[in-house]
Amino acid sequence: MRLRVRLLCAALLVAFAMPEQMSAADKFKSFRLKTLDGIERSLPDVLGKATLVVFFYPTCPYCNAAFPDVQRIYTGYKDRGLSMVWINVITDEEKLIADWQRTHNYTVPVLLGDRQLAMSYNLRMTPTHYLLDAQGQVVSPANFNSPGQLV
(Lines give C-alpha, C1' and ligand atoms only; values in the text may rest on other atoms or scores of the structure.)
Protein backbone atom coordinates (compact mmCIF):
# COMPACT_ATOMS: atom_id res chain seq x y z
CA MET A 1 0.00 0.00 0.00
CA ARG A 2 2.75 2.49 0.91
CA LEU A 3 4.50 1.82 -2.42
CA ARG A 4 1.28 2.64 -4.26
CA VAL A 5 0.91 5.88 -2.34
CA ARG A 6 4.54 6.78 -3.11
CA LEU A 7 3.92 6.12 -6.80
CA LEU A 8 0.85 8.32 -6.73
CA CYS A 9 2.79 11.07 -4.93
CA ALA A 10 5.58 10.86 -7.50
CA ALA A 11 3.09 11.14 -10.36
CA LEU A 12 1.48 14.16 -8.72
CA LEU A 13 4.84 15.84 -8.15
CA VAL A 14 5.72 15.34 -11.81
CA ALA A 15 2.35 16.79 -12.81
CA PHE A 16 2.97 19.91 -10.73
CA ALA A 17 6.60 20.28 -11.78
CA MET A 18 6.25 19.90 -15.55
CA PRO A 19 2.60 20.11 -16.67
CA GLU A 20 3.44 21.71 -20.00
CA GLN A 21 5.86 18.90 -20.94
CA MET A 22 3.46 16.04 -20.35
CA SER A 23 1.95 14.21 -23.22
CA ALA A 24 -0.72 11.58 -22.99
CA ALA A 25 -2.19 9.03 -25.30
CA ASP A 26 -5.80 9.89 -24.62
CA LYS A 27 -8.04 12.74 -23.65
CA PHE A 28 -10.17 11.69 -20.69
CA LYS A 29 -13.75 11.11 -21.75
CA SER A 30 -15.90 13.96 -20.53
CA PHE A 31 -18.81 13.40 -18.18
CA ARG A 32 -21.81 15.24 -16.78
CA LEU A 33 -22.73 13.83 -13.37
CA LYS A 34 -24.55 15.01 -10.27
CA THR A 35 -23.27 15.67 -6.79
CA LEU A 36 -25.07 14.35 -3.71
CA ASP A 37 -26.88 17.72 -3.68
CA GLY A 38 -28.13 17.22 -7.24
CA ILE A 39 -25.82 19.81 -8.83
CA GLU A 40 -24.53 18.82 -12.27
CA ARG A 41 -20.77 18.87 -12.73
CA SER A 42 -18.74 18.14 -15.83
CA LEU A 43 -15.08 17.35 -16.39
CA PRO A 44 -14.15 20.98 -17.14
CA ASP A 45 -15.75 21.96 -13.80
CA VAL A 46 -13.33 19.76 -11.82
CA LEU A 47 -10.07 20.23 -13.72
CA GLY A 48 -7.11 21.84 -11.92
CA LYS A 49 -3.36 21.93 -12.68
CA ALA A 50 -3.55 18.20 -12.09
CA THR A 51 -6.73 16.24 -11.43
CA LEU A 52 -7.09 12.82 -9.89
CA VAL A 53 -10.31 11.08 -10.91
CA VAL A 54 -11.04 7.96 -8.87
CA PHE A 55 -13.84 5.49 -9.54
CA PHE A 56 -15.10 3.81 -6.37
CA TYR A 57 -18.06 2.73 -4.27
CA PRO A 58 -18.39 3.10 -0.49
CA THR A 59 -18.31 -0.58 0.51
CA CYS A 60 -15.35 -1.45 -1.74
CA PRO A 61 -12.73 -2.82 0.68
CA TYR A 62 -9.82 -1.72 -1.51
CA CYS A 63 -11.22 1.80 -1.80
CA ASN A 64 -11.59 2.00 1.96
CA ALA A 65 -8.02 0.81 2.43
CA ALA A 66 -6.59 3.36 -0.03
CA PHE A 67 -8.74 6.44 0.57
CA PRO A 68 -7.24 7.66 3.86
CA ASP A 69 -3.92 8.12 2.02
CA VAL A 70 -5.63 9.60 -1.05
CA GLN A 71 -7.50 12.06 1.22
CA ARG A 72 -4.16 13.10 2.78
CA ILE A 73 -2.75 13.75 -0.71
CA TYR A 74 -5.80 15.86 -1.57
CA THR A 75 -5.55 17.81 1.68
CA GLY A 76 -1.84 18.43 1.18
CA TYR A 77 -1.99 19.53 -2.46
CA LYS A 78 -5.43 21.04 -3.14
CA ASP A 79 -4.15 24.55 -2.38
CA ARG A 80 -1.33 24.03 -4.88
CA GLY A 81 -3.60 23.22 -7.82
CA LEU A 82 -4.55 19.59 -7.31
CA SER A 83 -8.15 18.84 -8.06
CA MET A 84 -9.71 15.53 -7.18
CA VAL A 85 -13.07 13.87 -7.62
CA TRP A 86 -14.33 10.45 -6.59
CA ILE A 87 -17.01 8.94 -8.83
CA ASN A 88 -19.33 6.33 -7.33
CA VAL A 89 -20.10 3.52 -9.78
CA ILE A 90 -22.70 1.52 -7.81
CA THR A 91 -26.08 3.27 -7.83
CA ASP A 92 -27.43 1.18 -4.94
CA GLU A 93 -24.68 2.60 -2.70
CA GLU A 94 -25.49 6.29 -3.26
CA LYS A 95 -27.51 6.36 -0.04
CA LEU A 96 -24.39 5.31 1.92
CA ILE A 97 -22.06 8.05 0.65
CA ALA A 98 -22.95 10.99 2.94
CA ASP A 99 -22.56 8.95 6.15
CA TRP A 100 -19.45 7.24 4.76
CA GLN A 101 -17.86 10.65 4.06
CA ARG A 102 -18.72 11.97 7.53
CA THR A 103 -17.50 8.82 9.28
CA HIS A 104 -14.11 8.96 7.54
CA ASN A 105 -13.80 12.78 7.39
CA TYR A 106 -13.48 12.67 3.61
CA THR A 107 -13.65 16.07 1.90
CA VAL A 108 -12.92 15.00 -1.68
CA PRO A 109 -15.92 15.90 -3.87
CA VAL A 110 -18.05 12.92 -4.90
CA LEU A 111 -20.04 12.53 -8.11
CA LEU A 112 -22.71 9.93 -8.78
CA GLY A 113 -22.18 7.51 -11.63
CA ASP A 114 -23.44 4.01 -12.30
CA ARG A 115 -22.41 0.67 -13.79
CA GLN A 116 -23.09 1.96 -17.30
CA LEU A 117 -20.59 4.76 -16.69
CA ALA A 118 -18.11 2.21 -15.35
CA MET A 119 -18.54 0.17 -18.52
CA SER A 120 -18.06 3.26 -20.72
CA TYR A 121 -14.63 3.79 -19.08
CA ASN A 122 -13.82 0.06 -19.33
CA LEU A 123 -13.36 -0.17 -15.57
CA ARG A 124 -12.39 -3.58 -14.35
CA MET A 125 -11.90 -2.84 -10.67
CA THR A 126 -12.19 -0.22 -7.99
CA PRO A 127 -10.61 1.96 -7.05
CA THR A 128 -9.35 2.98 -10.46
CA HIS A 129 -7.33 6.22 -10.58
CA TYR A 130 -6.68 8.51 -13.53
CA LEU A 131 -4.28 11.42 -13.24
CA LEU A 132 -5.14 14.18 -15.71
CA ASP A 133 -3.30 17.33 -16.70
CA ALA A 134 -4.94 20.76 -16.83
CA GLN A 135 -6.38 20.08 -20.30
CA GLY A 136 -7.91 16.74 -19.31
CA GLN A 137 -5.27 14.58 -20.98
CA VAL A 138 -4.58 11.27 -19.26
CA VAL A 139 -1.14 11.52 -17.69
CA SER A 140 -1.32 8.24 -15.86
CA PRO A 141 -4.04 5.64 -15.81
CA ALA A 142 -3.17 3.68 -12.75
CA ASN A 143 -4.56 0.92 -10.64
CA PHE A 144 -2.63 1.49 -7.46
CA ASN A 145 -4.55 -1.35 -5.90
CA SER A 146 -3.92 -5.01 -6.44
CA PRO A 147 -5.93 -7.07 -6.94
CA GLY A 148 -8.78 -4.57 -6.52
CA GLN A 149 -12.47 -5.09 -6.20
CA LEU A 150 -14.13 -6.17 -9.44
CA VAL A 151 -16.84 -3.86 -10.69
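## Contacts across the chain

Among the contacts in the protein between residues at least 6 apart in sequence, 73% join residues at least 24 apart, a contact being heavy atoms within 4.5 Å. This is a predicted model in which local features need pLDDT of at least 70 and side-chain atom pairs count only at pLDDT 80 or more, while totals for chains, interfaces and linings use all residues. Residues are numbered from 1 along each chain as its sequence is written, and side-chain values use heavy atoms, with hydrogens and water left out.

## Helices and strands

The protein holds five helices and nine strands, where helices (H or I, at least four residues) and strands (E, at least two) are DSSP runs numbered from the N terminus. Read from the N terminus, the order of elements is α-β-β-α-β-α-β-α-β-α-β-β-β-β.

## Partners of strand β1

Two strands pair if DSSP finds at least two bridges between them. Strand β1 (residues 32-35) pairs with strand β2 (residues 40-42) in the antiparallel sense over three bridges, and Arg32 has Ser42 in β2 as its bridge partner. These two strands, β1 and β2, form a hairpin with four residues between them, and Gly38 in the turn has a positive phi of about 85°.

β1 also pairs in the antiparallel sense with strand β5 (residues 110-112), over two bridges, with Leu112 in β5 as the bridge partner of Lys34.

## Burial and cysteines

Of the 151 residues in the protein, 48% are buried, meaning under 20% relative accessible area, with a 1.4 Å probe and protein chains only. Cys60 counts as buried because its relative accessibility is 0%, and Cys63 is likewise buried, with a relative accessible area of 0%. A search of the whole structure finds zero disulfides, a disulfide being a pair of cysteine sulfur atoms within 2.5 Å.

Terms used:
Buried < 20%, exposed > 50% of the residue type's maximum accessible area, 1.4 Å probe, protein only.
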